[in-house]
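Let us walk through this model one piece at a time. Keep the sequence and the 3D view side by side.

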Amino acid sequence: QVQLVESGGGLVQAGGSLRLSCAASGRTVSSYTMGWFRQAPGKEREFVAGISRSGGTTYYADSVKDRFTISRDNAINTVYLQMNSLRPEDTAVYYCAGTDAFYSASYYYRRDDTYAYWGQGTQVTVSS
């Protein structure tokens, strides 16, 4: 079982950048397919980005493509979400998630019920 802890959230102006980190403990993160999700007030949780165990395959929601980048450093058990050109509509609690199952199709990465392990979330607020 893996424990996930997010950090790096905060308040930023529109057009700014933030980098979120997800530190894993308990098991090596290289055993896990990982994803980032977000939930804005009054809205359902939605997929943001996903990354394969090796980091060789990534998927993004259309709303963040070309602005956000997911990456991982398995040597230090950490997954990142680099967020650039932030918009007020990116305001949400961002969650890191993991599963020890292997998937190749993007369909699975985008579903929150794919992931068994979740962090506590980190707040990102983008002011206009």
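Start at Tyr-117. Leaving out residues up to four places away in sequence, Tyr-117 touches Gln-1, Val-2, Leu-4, Tyr-32, Cys-96, Ala-97, Gly-98 and Asp-100. Contact here means heavy atoms within 4.5 Å. The model is predicted: local features need pLDDT of at least 70, side-chain atom pairs count only at pLDDT 80 or more, and totals for chains, interfaces and linings use all residues. Residues are numbered from 1 along each chain as its sequence is written, and side-chain values use heavy atoms, with hydrogens and water left out.

Tyr-117 lies in strand S10, residues 117-118. Strands (E, at least two residues) are DSSP runs, numbered from the N terminus. Is Tyr-117 buried or exposed? Tyr-117 is buried, with a relative accessible area of 19%. Buried means under 20% relative accessible area, with a 1.4 Å probe and protein chains only.

Cys-96 forms a disulfide with Cys-22, the sulfur atoms 2.0 Å apart. The cut-off for a disulfide is a pair of cysteine sulfur atoms within 2.5 Å. The structure holds 1 disulfide. Cys-22 lies in strand S3 and Cys-96 in strand S9, so the link ties together parts 74 residues apart in sequence. The angle about the S-S bond is -75 degrees, and the link is left-handed. Both Cys-22 and Cys-96 are buried.

Now move to Tyr-94. Tyr-94 and Tyr-117 are 23 residues apart in sequence and 14 Å apart in space, C-alpha to C-alpha. Beyond four places in sequence, Tyr-94 touches residues including Leu-20, Trp-36, Leu-81, Met-83 and Val-124.

Which residues touch the most other members of the largest nonpolar core? They are Met-34, Trp-36, Leu-81, Met-83 and Tyr-94, out of 36 residues in that core. Such a core is a set of buried Ala, Val, Leu, Ile, Met, Phe, Trp, Tyr and Cys residues joined through side-chain atoms within 4.5 Å. Strands that each supply at least two residues of this core include S3, S4, S9 and S11.

Finish at strand S11, residues 122-127. The covered face of S11 holds Thr-122, Val-124 and Val-126; the uncovered face holds Gln-123, Thr-125 and Ser-127. S9 pairs with S11 in the antiparallel sense over 3 bridges. Two strands pair if DSSP finds at least two bridges between them. Here Val-93 stands opposite Gln-123. S2 (residues 10-13) pairs with S11 in the parallel sense over 4 bridges. There, Val-12 stands opposite Val-126.

How values were computed
Buried < 20%, exposed > 50% of the residue type's maximum accessible area, 1.4 Å probe, protein only.
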